[in-house]
Amino acid sequence: MQNSEWRKTACNLCYVNCGIEVRVDDGRITKVRGDREHPKSQGYLCNKASRIPFYAHHRDRLTTPLRRRADGGFDAIDWDTAIAEIAARLRDLVERHGGKSIALYGGGGQGNHAGGAYANALLRALGSRHVFNALAQEKTGDFWVNGHMFGSQTCHTAEDVHHCDLLFVIGANPWVAHGFPNARDHLNQIRKDPNRKLIVIDPRRSETAEMADLHLAVRPGADAFLLGAILATLVRRDAVDREFVAEHTTGYDEVRDALLKIPVAQWAEAADVPLDQIERCVDMIVAAKAMTVRVELGIQQGVHSTLNSYLEKLLIMLTGSFGRKGTNQLHSWLQPLWGNSPNQRFAAVDTEVIGGLLPPNLFCDAVLSDHPDRLRAAWIDSSNPANTAANTAAVEKALRALDLVVVVDVAMTETAQLAHYVLPASSQYEKTEFTLFNFEFPANVFHVRAGVVAPLEGTLPEPEIYTRLSRALGLLPGDNALAPLREAALHSRAAFASEFRAFMGANPQLASLGALVLYHTLGASLPDGTAAAAPLWMASLACAKRSPVAVRRALKAGPEVTDAALGDALFDAIVGARHGTVITEHDYDEVWTLLAHPDRKVRLAIAPMLEWLEKLDPASALPARDYPFVLAAGQRRMFNANQIFRDPAWRRDDPDGALLINARDLETLGASDGDWIAVRSPAGRIVARAKRDDSMRDGQLALPHGYGQTYPTGNGERLSNGPRINALTESGNRDPIAGTPYHKHVAVQLERLAATEAATYEEQSRRIHGA
C-alpha cells in the first residue's frame with residue numbers, strides 16, 4: 001500500500017521562494033502545488049516549481065565522501081577518514097600560512113542557506129573572512145550604492161508592486177524570472193487596469209515588454225546613457241519632487257548640476273532610443289501617483305553596472321517614489337544575507353570588500369598571484385564556480401593550483417570533479433532549511449522548513465559535517481561539555497539564555513562557532529527536527545530589538561508579551577510554523593527608521609558616481625568591430641533555473657539551451673533555425689543550437705544560465721548538458737568598483753558549423769536527452 005502525504009516546504013528555484021506543498025509517496029517527492037497558507041505567496045505557483053522532483057531524485061547524487069587520486073580519479077572513503085584527513089590538511093595550512101590563506105566559496109544556494117551559517121562558522125574559527133559567492137557576482141554594485149545613499153550596505157530596496165500605478169521595469173523580465181511575489185498575477189492586473197501603466201527598458205522585446213505601455217528597446221550596454229537622459233529630462237522639465245527631495249535627501253544641487261550637463265540628444269542616440277520615447281517616458285512618470293522601480297541583472301551585470309544602480313536610485317529619489325504606498329521601500333531583516341564592510345580591502349588583489357563579500361571575477365587572481373596573502377585553499381559549499389564564474393579555463397587552472405579544494409554538494413558538479421575531497425550533503429528537501437531572501441515591505445516573511453523526505457543514505461546535513469570537522473580540529477567541545485546547555489534549553493528559554501551567556505562568556509574562543517553551539521544545545525528543544533534553525537534565535541532577539549513595534553504588529557502580540565520576551569516569541573513563531581511567518585509589519589512612514597544615516601536622510605551625491613557620469617563617452621556604446629555581436633550570457637527562460645538542477649529531463653522545452661538570434665542575423669550568417677553555431681569570444685569558443693527569435697535586436701544574442709553541466713547517461717557516460725557559457729566570458733570584463741561581471745554584454749563572433757562537426761553535436765544532444 002502506498003504511503004502518501006502532502007508536506008509544506010518552499011520552492012528553491014528563485015529567491016522569491018514561494019511556499020509550496022509537495023506530495024511524498026513512499027519517501028519520494030512526486031507532485032508540487034502552491035501552499036495557500038503561506039503568508040507571502042498564498043498558493044501562487046509558477047510553471048518551474050512543478051519540476052522540483054527532478055532536483056530531489058536523480059542519478060547524479062553523491063552518496064559517499066570521495067578523495068581524489070593522483071591520476072584524477074576518485075576513491076570512495078568513509079566519513080571518519082574524510083574528516084580526519086581534511087582536518088589534518090586544514091590544520092597544516094593554517095599553521096604554515098594562517099587562516100587568511102583559505103576562502104569560502106558559496107555557503108548556500110537558492111533556498112539553501114542553513115548550511116551557510118555553519119560553513120562561515122568553521123572558516124571564521126580558522127581565521128578566514130574571505131567569502132566569494134553569487135551575490136558578489138550580481139549585486140554588490142547595488143550594495144555599494146546603498147551603503148553611500150542609505151548609510152549601510154545592508155539597507156536594501158524593495159518594490160511595492162501590488163499598489164503602484166506605474167511599474168518601471170529595468171533590465172528584468174518578471175513574467176519569466178519573477179523576482180517579486182506572485183509576479184504574473186500582478187503583471188496581469190496591471191495589464192488589465194486602464195489606470196495602471198508599465199514601462200520596460202530592455203534590448204529585447206521580452207514577454208514582459210510585450211505587455212508594456214512603453215517599451216524602450218535600449219542598445220545593449222547603453223542603459224546608463226538612457227537612464228541619464230531620462231533623469232536629465234526630468235530635471236530640465238523641473239519635474240523633480242522638490243518637496244520630497246528637500247525633506248528627505250541631501251546633495252541635490254550637485255546631482256542637478258551633473259544631470260544638466262548631459263547632452264540628452266547625444267545620449268539618446270547612444271542608447272538608440274528616440275527622443276520622443278524619452279519624453280513620453282517622462283510624461284508617464286510625472287503622471288503617476290505611485291511609481292515603483294524594479295531592476296535586475298540586465299543592468300546589474302551590464303556595462304557600467306554600479307553606475308546603473310546609482311542612476312536607478314536617483315530615478316526613485318528625484319521623483320519621490322519612496323516611502324509611500326505603491327513605491328520603493330527599504331525592508332527589514334531577520335538576519336542580513338550580506339554584511340556592511342565599508343573601507344575594507346582584500347590585500348591579495350587589492351580590491352574593496354563590499355557587503356563582506358569578494359567578487360568571483362577576482363578569485364583566479366587571488367589564487368594565481370604571487371602576493372604573500374594569496375589563497376592556498378578553497379572551501380566550496382553549494383556552489384559550482386567551474387561553471388558559474390567568468391572564464392572557465394582560468395577558474396579550472398586556479399582550482400588545480402590550490403593546495404586544498406573541498407567541495408560540499410549534493411551532486412558531482414564540475415567543481416567537485418576538480419576537488420581533492422568531495423563531501424555529499426543532504427538535499428534541500430532532506431533537511432531543515434530556511435531562506436534569507438526576505439525583501440518584502442510592509443510585511444516581511446521568513447520561512448523555516450523541515451525536511452520532507454529522509455536524507456539519502458551516505459549523505460549528511462551541513463551542521464553535522466561542520467560539527468565533525470570542528471571537533472576533529474579541536475575547535476568545538478564534545479557533547480558532554482555542552483550537556484548543561486542542552487538540559488537548560490529543554491527546561492526553559494530563560495534558563496537557556498542565562499546558561500548560554502555564562503558559557504560563551506567563559507569560552508570566548510567559541511564566539512565564531514556560536515551557530516554550532518546553538519545547534520547542539522538549543523536545537524534539541526525545537527519542533528519537527530528543526531535544530532539547524534537554532535542560530536536564528538540570536539537573529540530573532542536582534543530583530544525584535546531593532547524593530548519592536550513592527551515585530552509586535554506581525555505577531556499580533558499583546559501587552560502580555562513583554563519587550564524582553566518579544567525576541568523569543570518571534571523565534572518560537574518562526575520555528576513553529578511550517579508555512580512561513582510574518583516577522584515584521586511596518587507602516588509606510590516607518591520606512592525612514594530603516595535608514596542607517598543618523599539624520600535619516602538619503603545622500604544623493606556620491607562623488608565617484610558623478611565623476612563616472614561626467615566621463616561617459618557615447619562612442620563607447622557602439623559594438624566592437626572585431627566581435628560585432630553582443631551576447632547576454634545567462635538569460636532566464638521558462639525552463640531553466642540554476643546549477644542545482646542537473647537532470648536534463650526537467651526541461652520541457654529548450655533542451656539544448658538554444659542561442660537566441662533574430663531572422664536577419666541568421667540569414668546574414670547563412671544559417672537556419674535549429675542549426676549548430678559556433679560562438680567565439682577572446683576567451684574561448686562554444687557551440688550552441690540556434691533558435692530564431694525575432695524579439696531580439698539586430699546584433700543581440702542570448703544564451704541561458706543553468707546549463708553546461710555533465711550528467712551521467714544510462715551506460716555511465718558523462719555528457720555535456722548544454723552550452724558552458726562561461727568559456728566565453730572574461731574575468732576582466734567587469735565593473736571597476738564592485739567587480740561584478742558584464743555577463744549581459746559579452747562581445748562575440750559567430751560562425752555556422754561544418755556538417756561533420758554539427759553532426760557530432762546533434763548526436764551528443766540525442767544521447768543526453770534520450771537517456
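Three strands make up an open sheet in the order E1-E2-E3, and their pairing is antiparallel; strands (E, at least two residues) and helices (H or I, at least four) are DSSP runs numbered from the N terminus, and two strands pair if DSSP finds at least two bridges between them. Strand E1 (4-10) and strand E3 (28-34) stand at the edges with a single partner strand each, so one side of each is left without a neighbour in the sheet. This is a predicted model, in which local features need pLDDT of at least 70 and side-chain atom pairs count only at pLDDT 80 or more, while totals for chains, interfaces and linings use all residues. Residues are numbered from 1 along each chain as its sequence is written, and side-chain values use heavy atoms, with hydrogens and water left out.

**The antiparallel sheet**
- Strand E1 is joined to strand E2 (residues 19-25) by seven bridges, and the two run antiparallel.
- Within this pairing, Trp-6 stands opposite Arg-23 in E2.

**The parallel sheet**
- Four strands form an open sheet in the order E11-E10-E9-E13, with parallel pairing.
- Because strand E11 (214-216) and strand E13 (291-295) stand at the edges, each with a single partner strand, one side of each is left without a neighbour in the sheet.
- Strand E9 (residues 166-170) pairs with E13 in the parallel sense over five bridges, and the bridge partner of Val-169 in E13 is Arg-294.
- Helix H14 packs on this sheet and touches E9 and E13, its direction making about 170° with that of E13; contact means heavy atoms within 4.5 Å, and angles run from 0 to 180 degrees between N-to-C directions, with axes fitted to C-alpha atoms, for helices over the stretch in contact.

**Helix H14**
- Helix H14 (residues 305-318) has 14 residues and reaches 20 Å from its first C-alpha to its last, close to the 20 Å expected at 1.5 Å a residue, where the expected span is 1.5 Å times one less than the number of residues.
- H14 is mostly covered, with 14 of its 14 residues buried, that is, under 20% relative accessible area with a 1.4 Å probe and protein chains only.
- Gly-320, whose phi is positive, near 65°, follows H14.

**A pair of helices**
- Helix H22 (residues 536-546) and helix H24 (residues 563-576) pack at an angle of about 130°, with their axes 8 Å apart.
- That angle makes H22 oblique to H24, since angles under 35 degrees count as roughly parallel, over 145 as roughly antiparallel, 65 to 115 as roughly perpendicular and the rest as oblique.

Notes: Buried means under 20% relative accessible area, exposed over 50%, partly exposed in between (1.4 Å probe, protein chains only).
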